[in-house]
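Q: Could you walk me through how to read the packing in a model like this one? I would like the general idea before each case.

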Amino acid sequence: GRLAQLASRMDRLSSGVSFLFETILFVGQVLLIRRHIANELNFSCKLDSTTLACALEAVNKALISDVRAHYHSPDVYRYPSEESGLLSELTPYLQSSGIESPLRKIYVTCDPIPELAMHFSSFVIHSMPRFQYDQRLGTLTARTPKDALDGVPYVMGIGSVLKQFHSDVTLDFVSILSNYTKYLIDSINLK
C-alpha cells in the first residue's frame, strides 16, 4: 500500500529534489543565524537593561499563558484583544531584545495540501543517503567529504517547513518515517 506508493513517488521525485534540498539547507542556515543573533541580542539586552529584559519576558510569558488558556478553554478565556494593540506593539520589542524564537515562528500560512506529509517524507528518504551519523560529533555529516553538507541546517530546515503547516502534517510525516524505518528494520531481520 503506502510503501509501494512511497517508492513510486521517490522515483518521480528525483528531478526537483536538488532545488528543494538546497532550499531546505538555506532555510536551516538562516534559522541558525537568526537564532544566534537572537541569543546575542538577548544577552546584550540583559546586560544593558536588566529591568527592560525582565519586564519584556514577564509580559511575553503572561501573553503566552493567556493564549494557551484560551486554546484550552475558549469558552472561559478570551484571546488577547488585537484591538488593544498590545501584541503588535510588543513584537518589535521582543525581536529587538532577542526574546523571540525563530525556530517556533510561523512565517506563512496556507491552505492544506493533500498528501504533503507523503511528499515530504519521500523527499527526506530520498536525501538521507547523502548523510551519515557521526558518533564522535553526535550529528549528521556528509557521507562523502567533497559534499559540504551539515545535518543541523538540514534538520532545522525540515522542522521549520513542517512548522508552517498544521500539526497533523508533522504527525503524519513522523508516522510515515516511523513505518518506513520499521519496514527497513524488519527487512534486515529477515535476511
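A: Let us begin with contact, which means heavy atoms within 4.5 Å. Helices (H or I, at least four residues) and strands (E, at least two) are DSSP runs, numbered from the N terminus. This is a predicted model, where local features need pLDDT of at least 70, side-chain atom pairs count only at pLDDT 80 or more, and totals for chains, interfaces and linings use all residues. Residues are numbered from 1 along each chain as its sequence is written, and side-chain values use heavy atoms, leaving out hydrogens and water.

Q: Which residues of α2 and α3 meet?

A: From α2 come L56, V59, N60 and L63, and they meet L86, L87, L90, Y93 and L94 of α3. Sorted by class, these are eight nonpolar, one polar and no charged residues. Here Ala, Val, Leu, Ile, Met, Phe, Trp, Tyr, Cys and Pro count as nonpolar, Asp, Glu, Lys and Arg as charged, and the others, Gly among them, as polar.

Q: How do I describe the geometry of such a pair?

A: Two packed helices are described by the angle between their axes and the distance between the axes. Axes are lines fitted to C-alpha atoms, for helices over the stretch in contact, and angles run from 0 to 180 degrees between N-to-C directions. For α2 (residues 50-72) and α3 (residues 86-96), the axes come within 11 Å and cross at roughly 135°. The two helices are therefore oblique to each other; angles under 35 degrees count as roughly parallel, over 145 as roughly antiparallel, 65 to 115 as roughly perpendicular and the rest as oblique. The crossing of α2 and α3 is left-handed, a term used if the near helix is turned anticlockwise from the far one by less than a right angle, with right-handed used if clockwise.

Q: What are the angle and axis distance for α4 and α6?

A: Their axes are 8 Å apart, at an angle of about 45°, and that makes α4 oblique to α6. This crossing is right-handed. Among the residues that meet are F120, V124 and I125 of α4 with F173, I176 and Y180 of α6. The contact of α4 with α6 has 11 nonpolar, one polar and one charged residues.

Q: How should I read a nonpolar core?

A: In soluble globular proteins, nonpolar side chains tend to be buried together. A core is a set of buried Ala, Val, Leu, Ile, Met, Phe, Trp, Tyr and Cys residues joined through side-chain atoms within 4.5 Å. Buried means under 20% relative accessible area, exposed over 50%, and partly exposed in between (1.4 Å probe, protein chains only). The largest core in this model has 22 residues, and those with the most contacts inside it are F21, F120, F123, V124, Y154, I158 and F173. Two or more residues each come from α1, α4, β2, α5 and α6, with the largest share, seven residues, from α4. Leaving aside neighbours within four places in sequence, I158 is in contact with I24, F120, F123, V124 and F173. Apart from this core lies another, of five residues, among them L56, L63, L90 and L94.

Q: Is N42 buried or exposed?

A: N42, in helix α1, is buried, with a relative accessible area of 15%. Not counting residues up to four places away in sequence, N42 touches E57, S97, G98 and I99.

Q: Where is E115?

A: E115 sits in the loop between α3 and α4. Its phi is near 60°, a positive value in a residue other than glycine. At 40% relative accessibility, E115 counts as partly exposed.
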